[in-house]
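This report looks at one helix first, then at side-chain pairs. Keep the view open while reading.

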Amino acid sequence: KGRVGKYGGNKNPAYKGKIKAYKDGKYIGEFDGIKECSKLLNANMTNISSCLNGKRKSSGGYTFKRESN
């Protein structure tokens, strides 16, 4: 449950790394994907994606960065 298709989380070939969330410059936490991040922080999934792609600065008062591998 909670998986889409035959892959889940970081086993998915499209997985791009963990997402780090910050509020007012302070580290909040690390998430396996946009869906989990959105659910726990009550931030819009599309806006989180836009932040990660450099199209927005923040979503729901949070800023987001991908963990570099």
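## Helix H1

On one side of H1, Lys35, Lys39 and Leu40 are exposed. The model is a predicted one. Cys37, Ser38 and Leu41 of H1 are buried.

What do the buried residues of H1 pack against? Their partners are S1, S2, helix H2 (45-52) and strand S3 (62-66). Just after H1 comes asparagine 42, with a positive phi of about 55°.

## Aromatic pairs

A pair of aromatic rings is described by the distance of the centres and the angle of the planes. The model has two aromatic pairs. Tyrosine 22 and tyrosine 27 form an edge-to-face pair, because their ring planes stand at 65°, and the cut-off for that class is over 60 degrees. Their ring centres are 5.8 Å apart.

Tyrosine 62 and phenylalanine 64 form the tilted pair, with ring centres 6.4 Å apart and planes at 45°.

Tyrosine 27 has 46% relative accessibility and so counts as partly exposed. Tyrosine 62, at 14%, is buried. Phenylalanine 64 is also buried, at 6%; the cut-off for burial is under 20%.

## Lysines over rings

Lysine 23 lies over the face of tyrosine 62, at 4.7 Å from the ring centre. Over the ring of tyrosine 22 sits the charged end of lysine 65, 5.6 Å from the centre.

For tyrosine 22, look at the edge-to-face pair with tyrosine 27 and at lysine 65 over its ring.

## Salt bridge

Side chains of opposite charge can pair when their charged atoms come close. How many salt bridges does the structure hold? It holds one. Aspartate 32 pairs with lysine 18, and their closest N and O atoms are 2.5 Å apart.

The bridge links distant parts of the chain, 14 residues apart. Aspartate 32 is in the loop between strand S2 (26-31) and helix H1 (34-41). Lysine 18 is in the segment before strand S1 (19-23).

Notes. Residues are numbered from 1 along each chain as its sequence is written. This is a predicted model: local features need pLDDT of at least 70, side-chain atom pairs count only at pLDDT 80 or more; totals for chains, interfaces and linings use all residues. Side-chain values use heavy atoms; hydrogens and water are left out. Rings of Phe, Tyr and Trp (its six-membered ring) pair if their centres lie within 6.5 Å; planes under 30 degrees apart count as stacked, over 60 as edge-to-face and the rest as tilted. Buried means under 20% relative accessible area, exposed over 50%, partly exposed in between (1.4 Å probe, protein chains only). A charge sits over a ring if NZ of Lys or CZ of Arg is within 6 Å of the ring centre and within 35 degrees of the ring normal. A salt bridge is a side-chain nitrogen of Lys or Arg within 4 Å of a carboxyl oxygen of Asp or Glu. Helices (H or I, at least four residues) and strands (E, at least two) are DSSP runs, numbered from the N terminus. Contact means heavy atoms within 4.5 Å.
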